[in-house]
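Me: I've got a new model open and want to go through it with you. Can we take it piece by piece?

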Amino acid sequence: MKDKKYYEDLAQDSMLKFSDAEIDEIVAKQEDLKKEFEKVLKIDTTNIKPLFYPYDDIHLYLREDEETTTIDQKIILSNAPTSEGDFVTIKKVVK
Amino acid sequence: MNYKKLSILELHNKIINKEISILELTNAVIFEANKVKSSNAINKMNAENAIAFSKEMEKVLNTNSLLYGIPYFAKDNFATKGLETTSSSNILKGYIPPFNATSISKLEDKGAVLIGKAALDELGMGGVGLYSCNGIITNPADDKRIVGGSSSGSAYLVAKGIVPFATGSDTGDSIRKPASFNNIVGFKPSYGAISRYGLLPYSPSLDTVGFFTRNVTDMAIVCDATFGYDTKDATSHENNSKNMFEKIEGLSKAVKFGYIKKVIDDLNEDVKNAYYNLFETLKSNGFEVKEVEFKQELLDSLSAIYKMISFSESVSTNANLDGIKFGRRSTGTDYVEIITNSRTEGFGEEVKQRFLVGALNLNKENQTIYLNKAKQVRRLIVEELNKVFKEVDILIIPPTDKVAPLIEETKIKSTPEKEYLNDILTLANFNGSPSITIPFLKEGKLGIGININAKPKEDLLCLQAAKMLEDIIGIKNEIVED
């Protein structure tokens with residue numbers, strides 16, 4: 001059983017914060033999840049290659065390098081919560 | 001105007017015969033859509049644009065397109081140019097895409113009229129309809145029951161007769177399960193048959209664009225309009241299934257149907273009997289129906305494999321949602337805190353918990369133990385399905401074994417040995433098969449669907465089999481009336 005700190009660190013990896021109550025709930029659910037995952041670990045996969053996509057023939061070629069998509073700067077800036085001039089702005093960190 | 005029971009084909013005929021005008025139809029749909037706003041099924045209306053587009057289209061009547069003037073809703077995880085796209089997540093509030101998803105552009109080219117954006121379980125995560133940031137969506141036939149998800153709003157609006165079709169996306173069963181709960185048709189085509197460019201990704205090795213309609217023929221029409229290779233989606237392919245509308249009746253009598261005996265036998269008595277009766281009817285119609293084998297340990301692992309793969313992929317596909325470049329930003333003292341707060345406040349509980357399980361699988365120490373293992377088992381599942389499709393052309397699966405559950409029932413676990421039935425539709429996401437749910441049984445206003453699968457890239461065959469079964473079953477064009 002992993003402790004609370006383990007899950008807090010995991011949450012931080014995904015840039016998320018959980019309250020103590022939420023972490024408690026997650027820790028409680030882990031036992032069920034572990035049992036579920038154990039069903040998979042029991043399956044014999046000796047010499048079986050992992051499958052990343054439904055078909056093995058995906059990504060077997062490179063497309064021509066001619067497709068270009070550009071998005072108007074004004075539209076990009078208008079979608080940003082804050083912007084100034086040519087830039088998306090965030091909090092000033094260097095004073 | 002009472003258009004609600006009309007199929008795409010019937011609406012098309014009325015439009016070309018000038019019995020109804022496109023503008024009149026668009027206005028009627030907007031009126032009806034506004035009436036169901038309290039259902040939370042709609043995230044955003046596109047009324048002004050829809051009216052302007054309809055006026056333009058009335059100037060030249062394109063009688064060649066069966067979708068000309070046909071109204072639809074898009075699930076709100078499809079990028080729509082100039083129209084807010086939030087995927088029912090607070091973190092994306094205010095995001096206005098500067099481009100259309102390829103499927104949306106294709107529908108526009110055919111003259112289909114986008115009425116608005118349908119709500120979903122946030123970012124496509126959830127199979128219930130209870131996780132949209134704008135509030136819960138319930139079953140149109142019984143508001144104490146779930147509508148299903150994640151394509152909840154789309155299913156609601158089609159089942160209610162507001163539009164004859166809607167777009168959906170399917171990562172595990174997000175189109176096919178709500179179709180079962182709502183007496184409508186839900187199709188997940190082959191992986192890559194329809195471009196995913198502009199579909200906000202959840203789990204790219206499983207995500208598929210698809211649709212809801214109220215009959216199989218209409219489904220062929222929307223697929224004809226949207227199938228095709230797209231250079232903008234590296235996983236798309238040129239599918240040989242073309243002119244499916246014209247060929248929909250052409251199912252060969254040589255087609256073999258199959259089912260997994262234990263799966264059917266694990267259903268409750270009435271539903272089980274209905275399946276066996278149907279198999280007898282198929283046989284009396286000259287079709288071969290046979291039992292196929294499937295390793296139970298693989299079926300029992302479906303839920304775990306789905307979680308291991310999709311939750312992990314979702315962590316990385318949603319890493320761009322940070323409140324910096326677009327969407328909603330929270331306050332903080334530096335960029336790390338701003339991003340952390342934006343994500344913590346912007347995502348709902350279900351999404352955050354899935355991210356955490358995903359992060360668990362992605363952790364260096366777990367990548368081999370869990371994630372790599374899951375992908376090895378995925379290959380075993382696909383190989384098992386390959387064996388099935390060597391023996392039969394069509395695999396019949398129960399999408400659900402009962403009508404839409406009551407909301408409080410969603411928290412109750414089914415008996416452990418039958419739990420795998422809840423996740424059985426994920427089979428077609430793992431191997432990329434075309435998979436369609438059509439209405440099968442009715443209990444009052446509620447229903448239970450039947451799911452039909454073919455070998456990957458055999459979409460036409462899948463639709464033809466569904467059409468034949470629809471004719472035998474005899475339930476189509478159902479709507480939930482007020």
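Me: How do helix α12 and helix α14 of chain B pack, at what angle and how far apart?
Reply: This is a predicted model. In it, α12 (residues 302-317) and α14 (residues 349-362) of chain B pack at an angle of about 100°. Their axes are 7 Å apart.

Me: Roughly parallel or roughly perpendicular?
Reply: Roughly perpendicular, because 65 to 115 degrees is the range that counts as such, and that makes α12(B) roughly perpendicular to α14(B).

Me: Which residues make the contact?
Reply: From α12(B), B:Tyr306, B:Met308, B:Phe311, B:Ser312, B:Ser314 and B:Val315. From α14(B), B:Arg354, B:Phe355, B:Val357, B:Gly358, B:Ala359, B:Asn361 and B:Leu362.

Me: And how many are nonpolar, polar or charged?
Reply: The contact of α12(B) with α14(B) has 8 nonpolar, 4 polar and 1 charged.

Me: Next pair. What about α7 and α17 of chain B, what angle do they pack at?
Reply: About 160°, with the axes 9 Å apart. Here α7 covers residues 216-226 and α17 covers residues 459-473. Angles over 145 degrees count as roughly antiparallel, so α7(B) is roughly antiparallel to α17(B).

Me: Which residues meet there?
Reply: B:Val216, B:Thr217, B:Met219 and B:Ala220 sit on the α7(B) side. They meet B:Leu463, B:Ala466, B:Lys467 and B:Glu470 of α17(B). By class, that contact has 5 nonpolar, 1 polar and 2 charged residues.

Me: On to the core. How many residues are in the largest nonpolar core, and which have the most contacts inside it?
Reply: It has 166 residues. B:Phe73 and B:Phe257 have the most contacts inside it. The largest share of this core comes from α17(B), with 9 residues.

Me: How many residues are in the second, separate core?
Reply: That one has 5 residues. Among them are B:Val128, B:Leu130, B:Ile146 and B:Ala404.

Me: Let's talk about B:Lys117. Where is it found?
Reply: In strand β3 of chain B, residues 113-118.

Me: Buried or exposed?
Reply: Buried. The relative accessible area of B:Lys117 is 0%, and the cut-off for buried is under 20%.

Me: What does the side chain of B:Lys117 make a polar contact with?
Reply: The side chain of B:Asp76, at 3.0 Å. The B:Lys117 side chain also reaches the backbone oxygen of B:Phe78, at 2.9 Å.

Me: Now the backbone. Where is the cis peptide bond between B:Gly149 and its partner, and what is omega?
Reply: The cis bond joins B:Gly149 and B:Ser150, with omega about 10°. B:Ser150 is in the loop between β5 (142-146) and α5 (152-159) of chain B.

Me: What is phi of B:Ser87?
Reply: Near 55°, a positive value in a residue other than glycine. B:Ser87 lies in the loop between β2 (71-75) and α4 (102-109) of chain B. B:Ser87 is buried, at 1% relative accessible area.

Me: And phi of B:Lys457?
Reply: Near 75°, also positive and also not glycine. B:Lys457 is in the loop between β13 (446-454) and α17 of chain B. B:Lys457 is partly exposed, with a relative accessible area of 30%.

Me: Which residues is B:Phe389 in contact with, leaving aside neighbours within four places in sequence?
Reply: B:Leu395, B:Asn431, B:Ser433, B:Asn453, B:Ala454 and B:Lys455.

Me: How far apart in space are B:Phe389 and B:Lys413?
Reply: They are 32 Å apart, C-alpha to C-alpha. In sequence, 24 residues separate B:Phe389 from B:Lys413.

Me: Last stop, chain A. How many helices and strands?
Reply: Chain A has 3 helices and 2 strands. Along the sequence, the pattern is α-α-α-β-β. Of the 95 residues in chain A, 27% are buried.

Me: Where does A:Asp24 lie?
Reply: In helix α2 of chain A, residues 20-41. A:Asp24 counts as partly exposed, at 41% relative accessibility. The C-alpha atoms of A:Asp24 and A:Asp13 are separated by 18 Å, and the two are 11 residues apart along the chain.

Definitions and conventions: Residues numbered from 1 in each chain as written. Chains lettered and ligands numbered in written order. Predicted model: local features only at pLDDT ≥ 70, side-chain atom pairs only at ≥ 80, totals over all residues. Heavy atoms only, no water. Axes fitted to C-alpha atoms, helices over the stretch in contact; angles between N-to-C directions. Helix = DSSP H or I, 4+ residues; strand = E, 2+ residues; numbered from the N terminus. Parallel < 35°, antiparallel > 145°, perpendicular 65-115°, else oblique. Contact = heavy atoms within 4.5 Å. Nonpolar A, V, L, I, M, F, W, Y, C, P; charged D, E, K, R; others polar. Buried < 20%, exposed > 50% of the residue type's maximum accessible area, 1.4 Å probe, protein only. Polar contact = N/O pair within 3.5 Å; in protein donor to acceptor, adjacent residues only side chain to side chain. Core = buried A, V, L, I, M, F, W, Y, C linked by side-chain atoms within 4.5 Å.
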